[in-house]
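User: Hi! Could you walk me through this model with a few questions and answers?

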Amino acid sequence: MPKPALPAVLDAVFLAEVREVGQWPPEGPVEVAIAGRSNVGKSTLLNRLAGRRTLARVSKTPGRTRGIIFYDLALRLPGTSERLALRLVDLPGYGYAQVSRDERKAWQRLVEGYVKARSSLRLFLIVLDARRAPGEEELQLAEWLRSERVPHHLVVTKTDKLRAAEHGSARGKARAAFGPDGPSVSLVSGETGEGVDALWALLVEATGLRDGGAQPL
Ligand code: GDP
């Protein structure tokens, strides 16, 4: 297989944190949203994708309530000179045992509000810990995204915690849990960077960046 043409991340900046439906920043670059259970390794993955150590704070206090965080990236694809824009949208973590029903509802309202409002959303990533089976939250989220016709993809992270022989079964288990209509699956480690090149290649395709589908920053 040819080596994927990976973008260079020229710039990565915080744009906004939004806690209320409707307070979204104006639409601009194509967006990739990232959701996952608290502590799943989402911030580590975001930092790895952006090639910045501290863009997203790696949480030391799981479960703290926060909003949707928008980051703007400027990219250049290999062999091109154009500066392309991509927005990474970090959704609040979910599934923390101590959150109340009200907080769960608030999460759903905010995330559903975002997804329904955003025509620039190209791909929704659901991040899962390689050592866990998908839970009700992930299955319901994928089902809802399917019903809303939002392209989505499962990213299984922390694969460095698995033995090499377990990689295939992690993928198989995730596929089996979601069933035949479930999302495609990538295996990555935010910690070591394993699999992140292939994930970038997928993001470039899914967002249409290669076809000039993004606007320059
Ligand atoms: P978030 O709450 O989903 O943003 O998760 P964080 O990125 O803050 O990570 C939660 C914990 O998991 C931290 O202690 C990270 O160091 C650790 N972690 C995150 N990604 C990985 C990974 O790929 N491999 C390993 N071994 N640990 C990870």
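Predicted model: local features only at pLDDT ≥ 70, side-chain atom pairs only at ≥ 80, totals over all residues.

User: What is the strand order of the open sheet?

Analyst: Helices (H or I, at least four residues) and strands (E, at least two) are DSSP runs numbered from the N terminus, and two strands pair if DSSP finds at least two bridges between them. The sheet has seven strands with mixed pairing. Its edge strands, E1 (8-18) and E7 (184-187), each pair on one side only. The order is E1-E3-E4-E2-E5-E6-E7.

User: Which residue in E3 stands opposite Asp11?

Analyst: E1 and E3 (residues 68-76) run antiparallel, joined by nine bridges. Opposite Asp11 stands Ala74.

User: Which helix gives the most to the shell around the ligand?

Analyst: The ligand is surrounded by 16 residues (a heavy atom within 4 Å); the closest are Asn39, Lys42, Ser43, Thr44 and Asp160. A polar backbone atom of Lys42 is 2.8 Å from a ligand oxygen atom, a polar contact being a pair of N or O atoms within 3.5 Å. With three residues, the top contributor is helix H1 (residues 42-50).

User: How far is the polar side-chain atom of Lys158 from an oxygen atom of the ligand?

Analyst: Ser189 also has a side-chain N or O atom 3.3 Å from a ligand oxygen atom. For Lys158, the distance is 3.1 Å.

Conventions
Residues numbered from 1 in each chain as written. Heavy atoms only, no water. Polar contact = N/O pair within 3.5 Å; in protein donor to acceptor, adjacent residues only side chain to side chain.
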